[in-house]
Amino acid sequence: MWLGTGEGLFRFDGHTFKNIDLAKISGDNFISASTSDNKGKNWFGHNDGKITVIDGNNTININIPDTNPGTINSIISENDGSVWVATQNAGICKISSKYKVQLFSKAFEGQQVYSINFIGKNILIGTGNGLYVFNPKKPNNLSEIKNSPTTKIECIYFSKHTGNY
């Protein structure tokens, strides 16, 4: 079990908690988001806009190509080992399993992104102004979901049990 906190990353082996000091590796210990992909890699977003990937005994640091991406608020993984990342100030980005970063910021100008989740081949986007859909094939546009709350969307959860969001 992994625990991300404002004071670092902890790993629980069933008996003890071990602190992983990411500040020495990435410069920031504040974990703001996490996910595991189907390749066994663990992805951790930081408050300072950086990402750390732990792949077995290897630790990889990833920088978002923006001067101020803000907090990494959400990370979701695809079946191919790539992940999508919600940055608070720079939109979203896709990071391939080989760690190539593709930033999508144009559609998100003036938006703060707080949460993401898949809806088919598109991505639901929770912002400070409501709920939107992002189509990766049309990366310069966001589609607003009509009649959704026009407030800050902190979390988008999909229930596998009911099939609803």
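Guide: Start with one residue and its contacts. P139 touches F104, A107 and F134, leaving aside residues up to four places away in sequence. Bear in mind that this is a predicted model.

Visitor: Where does P139 sit in the fold?

Guide: P139 belongs to the loop between β14 (130-134) and β15 (142-144). P139 and F108 are 31 residues apart in sequence, and their C-alpha atoms are 9.7 Å apart in space.

Visitor: How many aromatic pairs does the structure hold?

Guide: Seven. For each one, read the centre distance and the angle between planes. W2 and F44 are 5.4 Å centre to centre, with 55° between the planes, a tilted pair. This pair links distant parts of the chain: W2 is in strand β1 (residues 2-5), F44 is in strand β5 (residues 42-46), and 42 residues separate them.

Visitor: Which pair is edge-to-face?

Guide: W84 and F134 form such a pair, at 6.2 Å centre to centre and 65° between the planes. This pair also links distant parts of the chain. W84 lies in strand β9 (residues 83-87) and F134 in strand β14, 50 residues apart. Both W84 and F134 are buried. Next, follow the ring pairs onward. They link W84, F104, F108 and F134 into a cluster. Recall P139: its contacts include F104 and F134.

Visitor: Which residue lies over the face of Y114?

Guide: K152 does, at 4.4 Å from the ring centre.

Visitor: How do I read a pocket?

Guide: Rolling a probe the size of a water molecule over the atoms shows where empty space is left. Here, the largest pocket has a volume of about 340 Å³. It is lined by 16 residues, and the closest to its centre are I76, N117, F118, F158 and K160. Two elements, β8 (72-77) and β12 (113-119), each give two or more residues to the lining.

Visitor: Which element gives the most to the lining, and what classes of residue are there?

Guide: β12 gives the most, with five residues. By class, the lining has 10 nonpolar, four polar and two charged residues.

Visitor: What should I look for in the backbone?

Guide: Most residues other than glycine have a negative phi. Y99 has a positive phi of about 75°, although it is not a glycine. Y99 lies in the loop between β10 (91-95) and β11 (101-104). At 23% relative accessibility, Y99 is partly exposed.

Visitor: Where does N147 lie, and what is its phi?

Guide: N147 lies in the segment after β15. Its phi is positive, about 65°, and N147 is not a glycine. With 83% relative accessibility, N147 counts as exposed.

Visitor: One last residue. Where is N29, and what does it touch?

Guide: N29 is in the loop between α1 (23-26) and β4 (31-36). Leaving aside residues up to four places away in sequence, N29 touches T5, G6, E7, G8, L9, I20, D21, L22 and A23. Its relative accessible area is 18%, so N29 is buried.

Technical notes:
Residues numbered from 1 in each chain as written. Predicted model: local features only at pLDDT ≥ 70, side-chain atom pairs only at ≥ 80, totals over all residues. Heavy atoms only, no water. 1 Å grid on protein atoms, 1.4 Å probe; cavity = no way out; pocket = protein on both sides within 12 Å on 5 of 7 lines; lining within 4 Å. Points joined across faces, edges and corners; volume = space filled by probe spheres on them. Helix = DSSP H or I, 4+ residues; strand = E, 2+ residues; numbered from the N terminus. Nonpolar A, V, L, I, M, F, W, Y, C, P; charged D, E, K, R; others polar. Contact = heavy atoms within 4.5 Å. Phe/Tyr/Trp six-rings, centres within 6.5 Å; stacked < 30°, edge-to-face > 60°. Buried < 20%, exposed > 50% of the residue type's maximum accessible area, 1.4 Å probe, protein only. Lys NZ or Arg CZ within 6 Å of the ring centre and 35° of its normal.
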